[in-house]
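I opened this entry to look up side-chain packing and charge pairing. The notes follow in the sequence in which I made them.

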Amino acid sequence: MQSIASWITSHANFTPDKTAVLFEGKSLTYGEFAEQIGKAASFLKSSDVAQGDRVAYLGLNRPEMLVLLFACAKLGAILVPLNWRLTPTELSCIVEDASASILFYDNHFSSDDYQSVSKASLNCQAIDIKELTNGPAEDPVNQGALNDPVLIVYTSGTTGKPKGAVLTQEALLYNALNSRHMHKMTEDDVIFVALPLFHVGGLNIQLTPGLYMGATIDLHERFDPAIALERLTAPQTTLGVLVPATMEAVMTLEGWEAADFSNLKALGTGSTIVPTKLIEAFEDKNCSVIQVYGSTETCPVAAYQAIGEGKTHPSSTGKSALHCQVRICKDDQIVNDPNELGEIEVSGPSILSCYWGNEIETDKALVDGWFKTGDLGCWDADGYLYFKDRKKHLVISGGENISPAEIEAVIMSTGKVKECVVVGVPDERWGEVPLALIVLEDETTKDEVNFRTLFQNNLARFKHPKQILFRDQLPRSAMGKIQPHIVREQVLAELN
């Protein structure tokens, strides 16, 4: 079966002059896009990249990253998009885990600190992304197929060590079909994309589905509230995605009061519980907000609202996607009763095939073809899905998954801490932020500045605890385990 690179080749055959990607005032047509993919595939092949090899990318949103994705698909290679918000130490762990053979970088990450990241993997080359399309004009024969892995997207795990969710080309195809149904997407759509492409939210909610459809992607290096407001209210723009934190950022702008989003077919949102006030604020501006439910492991489109349901069911995440099944399970039993809470599980061709090199975590997460999300939810009487909480001990801040265990490991590395726990607390701007509670071995070491310096050197800024609280002891269960949920309740009571 053909690889997903055939999407671009086919559009180039039908509509070679149609704009595929708008970026920084320049347009890339489908004909030019297909030509660049061929050159990039030749470059990769000449660099000894073969089927199954991992190719990492460290950079902001750029058309070259999309060229790289489809060139990898053409060869049957696997793209590993790296979260540029991470420190070089964190990035090195991911590059080493994926055993990347090439690390492409853009001009924002050309410093020696970031160049050293490639050395984490044996014989890994570090190459400027601008070199990608300097290969010979020869277009290699398509070697990829739909059952080949094409993406490894790393996500924070409850153990602290990032896990690489492996997504096949077929997963991207079925995710695109789900998104087409969700957004009523057509080739005439112009899609605003500013969320980072190292997340499946930025890459796969609308962008890759848009390229499948032959639409136009209005791509931006990174999110800027003023640009977002300008582009989302532009007459030609029909679709876009914002997470709650970026919705809030747009609403603070001076131009918000006069904004009118009636040009949009829909604005997608999700990643966490979306406050009703945000949905209502955009709906009041003639914007049809629709929520999507999913995760890195579901590519991510697993459930969604139909256009118009953001207004009628503002707290719901909709119904199962066209090519997915969603169920609620409690104590290994399927729950169908309205409002009964259980774990959300997802099945379908768009879910991950495994966690890269991690059989133990794969076996925990995938059971009889069902992905156990670790999220708690329920149905209502009309069959709408409601996300309620996380079963997993994770913090989601501004759309980023943060592992408390990862922060706790850094705190404990000082040797001056008896025990600690990190929990998520509400935050108006980011939705949720991490807060650390620490029991010291010796009271004389109570110096928060030392901990702040420690975080600065070892963790991406978005993972830094917003507050550090010192305690004499932490609540434990009868089995002696620290109880994060009780800690969180106590902290919230104090903060209130």
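The model is predicted. I began with Phe104 and set aside its neighbours within four places in sequence. Phe104 is then in contact with Phe43, Leu44, Val55, Ala56, Tyr57, Leu58, Leu68, Ile127, Asp128, Ile129 and Leu132.

I next looked up the largest nonpolar core, which has 89 residues. Phe104 is among the members that touch the most others, together with Phe33, Leu44, Leu66 and Leu68. Helix 3 (residues 63-75) contributes the largest share of this core, 10 residues. I also noted a second, separate core of 41 residues, including Ile78, Leu91, Phe109 and Val166.

I then turned to charge pairs. My search of the whole structure returned 17 salt bridges.

Within helix 2 (residues 30-46), Lys39 and Glu35 are about one helical turn apart because they are separated by four residues. Their side chains form a salt bridge at 3.9 Å, N to O. I recorded Lys39 as partly exposed at 23% relative accessible area, and Glu35 as partly exposed at 48%.

Lys277 pairs with Glu248 in a salt bridge, with the closest N and O atoms 3.9 Å apart. This pair links helix 11 (residues 276-283) to helix 10 (residues 244-251), across 29 residues. Lys277 is exposed, at 53%.

For Arg488 and Glu432, I found a salt bridge with closest N and O atoms 4.0 Å apart. Arg488 lies in helix 16 (residues 484-495) and Glu432 in strand 26 (residues 431-440), so the bridge ties together parts 56 residues apart in sequence. Arg488 is partly exposed at 30%, whereas Glu432 is buried at 10%.

Last, I noted a salt-bridge network that links Arg327, Glu343, Glu345 and Lys372.

Conventions
Residues are numbered from 1 along each chain as its sequence is written. This is a predicted model: local features need pLDDT of at least 70, side-chain atom pairs count only at pLDDT 80 or more; totals for chains, interfaces and linings use all residues. Side-chain values use heavy atoms; hydrogens and water are left out. A nonpolar core is a set of buried Ala, Val, Leu, Ile, Met, Phe, Trp, Tyr and Cys residues joined through side-chain atoms within 4.5 Å. Buried means under 20% relative accessible area, exposed over 50%, partly exposed in between (1.4 Å probe, protein chains only). Helices (H or I, at least four residues) and strands (E, at least two) are DSSP runs, numbered from the N terminus. Contact means heavy atoms within 4.5 Å.
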